[in-house]
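Reader: Hi! Could you walk me through the charged pairs in this one?
Author: Happy to, let's have a look together.

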Amino acid sequence: MAKSISRARHSLLAFVFHLAVFLADLYFFNWVYFHVPHAKDHPFGRLTKFTFLTNIGHLVHLVLFGLSTIESAQEVLLRRVPAGEKTLIDTLFGVSFVLSTIIGILFWALFFYNRELILPVAFESVYPASLNLYQHGVVAVLVWIKMILWRHEYDTQRQHEVRRMGIICGGYVAMTVVVFFASGSHIYPFMKEFSTSFLALFYFVAFLVALGVNELGRWMNRQLWRTSSLTRTIDRKKKK
């Protein structure tokens, strides 16, 4: 009985946390989509905003916590979650962990080196500090908190994750190329400072960093939840 009550409280805590983060994500995402202006003469119009890795990462984060809210509600009300839904959430978690961490590292590294390369001072009037801090800092912190508080399963086949990262990185690079040829300008100011070969090297290094961050996530998850995994294994053996 006590174990059942404890599990119910844990599920309720998860629901409250996920819902609060989802609503915060929704608030700032609405701010980005409707209040941050875009170049009206750009061939992609308002969708230009989703050429920025920060906004893509924010969108993944929003979907992750939206689904996690639904999952937590199912655990509270039904005490069960479909396996397919859990797998999808774990996959999105892995992607969001990498994206939010990479975005934070790259953004703040460039920002403190020379902010004009990533977020010129002139943009502060349309892209306030609170939105900047949320997208480039808080989003990552919330994913790390989620990892600490709730267990997530990484793919047992590491090559699947490498392939997934390759598809995501390759897709983003392809999009930056399309945007450049369609509009005649790079997505980020710092890109115009790089030659084509150096930009290719930059993307390759970013891909390696993404793989490294993914491995960091796998390792942290394993260290944080190794005891609970061992306990479940022992319990299963006892039942046999």
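Author: To start with the term, a salt bridge here is a side-chain nitrogen of Lys or Arg within 4 Å of a carboxyl oxygen of Asp or Glu. Keep in mind that this is a predicted model.
Reader: Thanks. How do the side chains of Arg 151 and Glu 153 meet?
Author: They meet in a salt bridge, at 2.7 Å from N to O.
Reader: Nice. How many salt bridges does the structure hold?
Author: There are seven.
Reader: Which residue does Arg 115 form a salt bridge with?
Author: That would be Glu 124, and the closest N and O atoms of the pair are 3.0 Å apart.
Reader: Is Arg 115 buried or exposed?
Author: Arg 115 has a relative accessible area of 18%, so it falls under the 20% limit and counts as buried.
Reader: What about Glu 124?
Author: Glu 124 is partly exposed, with 42% relative accessible area.
Reader: Which residues are joined into one network?
Author: Glu 71, Lys 86 and Asp 90 are, through salt bridges that share partners.

How values were computed:
Residues are numbered from 1 along each chain as its sequence is written. This is a predicted model: local features need pLDDT of at least 70, side-chain atom pairs count only at pLDDT 80 or more; totals for chains, interfaces and linings use all residues. Side-chain values use heavy atoms; hydrogens and water are left out. Buried means under 20% relative accessible area, exposed over 50%, partly exposed in between (1.4 Å probe, protein chains only).
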